[in-house]
Amino acid sequence: MQTRVISLLVEDNPGVLTRMSGMFTMRGINISSLTVSPCEKPGLSRMTVTIEASESELEKVRKQLSNLIEVIKVVDLKEHDAIIRDLCLMKVHTKNVEARTEVMQLAESYGAKIADASLDSLILELADEPERIDRFIELMKHFGIKQLFRTGITAIARD
Amino acid sequence: MAGKKLSGAEIVVEELKKEGVEVAFGIPGGALLDFYEALQQAEEIRHILMRHEQCAAHAADGYARVSGRTGVCIATSGPGATNLITGLTNANMDSSPVVALTGQVPTSAIGSNAFQEASTFTITMPITKHNFLVTRAEDLPRVIHNAFYIANTGRKGVVLVDLPKDVQASKVEVELHPEETFPGYKPNINPNKVQTKKAAEALANAERPLILAGGGVISAGATEELRTLAETLGAGVVTTLMGKGAIPESHPLCLGMAGMHGRIYANRALNECDALLALGTRFSDRLTGWQLDQFAPDATLIQVDVDAAEINKNIPVDIPIVGDVKLALSDILKWLKKESIREGSVWLQRVKEMHSACEECIKDIHRPGSSVSDILIKELNNILDDDTIITTEVGQCQMFAAHYYMTKKPRTFISSGGLGTMGFGFPAAIGAKVAAPDKQVVDIAGDGSFLMTCHDLATCVENDIPVVVCIFDNRYLGMVRQWQELFFDKRYSHTNLGITPDFIKLGEAFGCYAERVEKPEDLKSALKNAFESGKPAVLDMIVGKEDKVLPMIPPGGGITGMIGTERCRRV
């Protein structure tokens with residue numbers, strides 16, 4: 001089992017998401033992350049699906065996804081030749097000045113933006129590789145994370 | 001034809017006519033009133049009113065399998081559509097081209113739990129090749145055109161079009177008969193030349209070549225190419241259930257159906273071959289058995305399939321070829337050099353010897369140990385002509401037929417392969433008879449299966465569709481009983497059907513010809529009477545209560561581990 005990122009170019013119709021996810025459901029494969037958005041071509045969307053699967057499972061799913069009429073292209077994104085990004089928004093406790101300063105310094109070193117601030121918390125925004133976000137979250141846990149949101153992975157293949 | 005205002009229902013009917021639809025099997029309903037109004041105006045389309053939507057789907061499926069044309073079935077919203085599901089799943093699993101049209105509540109009511117509302121679009125997504133929920137009448141020409149295009153190209157299958165009531169009623173100005181298709185649908189039919197060359201070389205270099213013909217051979221119309229290749233190579237041919245008829249089973253190179261209830265020689269050939277050319281088959285577990293290391297262990301495996309998703313799915317393949325079977329076989333034949341063909345090989349002799357042993361067993365009707373069920377099927381070989389279309393229900397009757405019936409022509413053996421649907425054979429026979437009114441159509445049925453769809457005898461009588469149902473009457477759910485006998489120490493849990501009904505009275509109640517066949521030797525005259533009556537007919541054939549389909553691969557076993565082989569001559 002390994003983490004796999006699949007990128008799909010699909011027609012932007014109602015039901016496409018159900019059809020696509022159904023292919024994973026019937027195999028008992030869990031989708032750990034999913035992003036869907038419009039792309040450079042009008043009428044088409046791009047989906048980025050992250051799953052845990054073996055090589056042979058991935059191969060079968062990839063072929064069956066290609067068989068879906070509204071799926072135009074399926075690309076299996078290998079980690080080394082794709083740019084992979086995730087966006088994280090989190091609300092972190094900053095009970096005192098020391099905590100606040102420390103959080104702000106760490107945020108700066110990770111390249112996270114301060115999206116909003118209140119007296120006892122900061123909202124941080126970080127777009128980066130998922131592993132770096134994981135590490136940043138671990139750090140922020142020391143201060144106390146009130147809420148955490150991640151968009152899930154989106155990815156683009158290098159030329 | 002632009003400039004004219006048509007209702008959505010009229011657009012659908014116009015597009016059906018353009019697709020050459022000559023018959024549709026269906027049942028109207030509240031959500032289909034507009035459509036049925038338009039359908040009635042179309043004299044080109046014969047509508048056959050069924051008595052259950054499942055039968056409508058099976059009839060469309062049977063029609064498609066016999067004719068090669070797309071079958072059409074129609075059902076209303078809610079229960080009409082849900083009743084179609086079994087039939088559509090069945091057709092899709094066996095890659096049979098069917099278009100289903102369903103009524104739906106008005107778009108404004110969708111999602112409100114309206115009367116007779118079911119989310120047909122969502123429910124049918126995993127059981128169709130594609131489906132549409134049409135929300136604007138303007139989309140109908142493109143949708144209907146593509147429904148037929150998708151259903152009957154590439155790997156064939158089912159396409160469902162869900163038609164909300166208001167979409168059928170609304171009048172719009174549209175351009176009819178578009179040619180536009182979908183960017184994501186491009187069936188790969190042209191095989192790769194490098195791969196077909198490799199395949200030809202592997203086959204020419206093999207000492208014991210074997211061809212495994214699946215339903216894809218029949219679907220692609222590749223039966224001539226198959227025969228030529230087998231004769232050119234001196235290769236044996238075994239078939240799957242769906243491939244029955246791909247080559248005449250009387251052909252000296254044909255060893256018949258392989259697999260769990262296949263012929264022992266077919267399984268043996270699979271085990272012995274050193275090159276296996278698999279054509280349009282998905283290597284189902286009913287073919288391979290469960291010990292995959294026993295399946296063609298010494299063979300270079302070449303797989304041809306129009307669906308890339310089938311390659312390497314169940315069995316690892318050495319030479320994959322994605323494409324149409326007919327085109328692939330033509331290419332392989334072109335690559336084969338005359339001098340590369342071995343004549344009179346030891347293997348060829350062996351194949352022919354195995355063929356004769358098999359034929360001997362089937363021709364010898366009263367072989368020691370034969371059951372009444374065996375004998376009845378063997379009798380059918382003598383009574384029925386080569387053009388007769390056999391449909392089957394599912395269970396023992398089906399496997400008796402698959403094992404012993406000698407199919408001579410493609411599209412004359414119609415059976416539920418993938419889904420194994422009891423109740424399929426009779427409505428499929430209706431579709432078959434409509435597709436081929438000049439041919440005799442016989443449903444080989446079990447008493448359990450037939451009761452699941454027998455109400456459509458009314459359809460046969462009302463529409464003058466004289467099919468003959470031959471019931472293997474053992475008052476058991478026979479195949480399950482057989483498994484209980486062999487693997488559950490005869491603990492017959494809920495497989496005894498009791499004594500009802502009287503099938504003669506049942507047939508007569510519907511206005512059919514009906515006759516009881518107490519002894520196999522009476523079958524000939526009973527069938528003669530049935531055909532001569534010109535009516536739909538029910539023949540109640542009394543078989544041994546504990547007849548078993550043997551030999552078979554027991555659960556968990558491999559292709560060489562058949563049990564019940566005592567009656568087969570050793571070769």
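Helices here are DSSP runs of H or I with at least four residues, strands are runs of E with at least two, and both are numbered from the N terminus. The model is predicted. In that numbering, Pro551(B) belongs to the segment after β20 (537-542) of chain B. The peptide bond between Leu550(B) and Pro551(B) is cis, with omega about 0°. Another cis peptide bond links Thr500(B) to Pro501(B), with an omega of about -5°. Pro501(B) sits in the loop between α20 and α21 (503-509) of chain B.

Helix α20 of chain B covers residues 478-487, and Gly478(B) is part of this helix. Gly478(B) counts as buried because 30 C-beta neighbours lie inside 10 Å; the cut-off for a buried residue is 20 or more. Leaving out residues up to four places away in sequence, Gly478(B) touches Gly395(B), Gln396(B) and Gly446(B). Ile375(B) is 103 residues from Gly478(B) in sequence, and their C-alpha atoms are 17 Å apart.

The next element is helix α14 of chain B, residues 346-363. Its 18 residues reach 26 Å from the first C-alpha to the last, close to the 26 Å expected at 1.5 Å a residue. Trp347(B), Val351(B), Met354(B), His355(B), Cys358(B), Cys361(B) and Ile362(B) are the buried residues of α14(B). Viewed down the axis of α14(B), these buried residues fall within an arc of 125°, so they line one face of the helix. An α-helix has 3.6 residues a turn, so residues three or four places apart point the same way. The other side of α14(B) carries the exposed residues Val346(B), Gln349(B), Glu360(B) and Lys363(B). The buried residues of α14(B) pack against strands β10 (236-239) and β11 (254-257) and against helices α11 (264-272), α15 (372-383) and α16 (396-404), which belong to chain B.

Chain B also contains an open sheet of 6 strands with parallel pairing, in the order β3-β2-β4-β5-β7-β6. At its edges are β3 (46-49) and β6 (130-133) of chain B, each of which pairs on one side only. Direction ignored, neighbouring strands of the sheet are turned by 20° against each other on average. Within the sheet, β2 (residues 23-26) and β4 (residues 71-75) of chain B pair in the parallel sense over 2 bridges. Gly26(B) has Ile74(B) in β4(B) as its bridge partner. Helix α3 (residues 53-67) of chain B packs on this sheet and touches β2, β4 and β5 (98-104) of chain B. The direction of α3 makes about 170° with that of β4(B).

Two loop residues have a backbone feature to note. Gln116(B), in the loop between β5 and α5 (120-123) of chain B, has a positive phi of about 55° although it is not a glycine. With 16 other C-beta atoms within 10 Å, Gln116(B) is partly exposed. His177(B) lies in the loop between β8 (171-173) and α8 (193-205) of chain B. Its phi is near 55°, again a positive value in a residue other than glycine. His177(B) is partly exposed, with 14 other C-beta atoms within 10 Å.

Note on methods:
Residues are numbered from 1 along each chain as its sequence is written. Chains are lettered from A and ligands numbered from 1 in the order in which they are written. This is a predicted model: local features need pLDDT of at least 70, side-chain atom pairs count only at pLDDT 80 or more; totals for chains, interfaces and linings use all residues. The expected span of a helix is 1.5 Å times one less than its number of residues. A residue is buried if 20 or more other C-beta atoms lie within 10 Å of its own, exposed if 12 or fewer, and partly exposed in between; C-beta atoms are placed from the backbone. The arc is that of the directions from the helix axis to the C-beta atoms. Two residues are in contact if their C-beta atoms, placed from the backbone, lie within 7 Å. Two strands pair if DSSP finds at least two bridges between them. Axes are lines fitted to C-alpha atoms, for helices over the stretch in contact, and angles run from 0 to 180 degrees between N-to-C directions.
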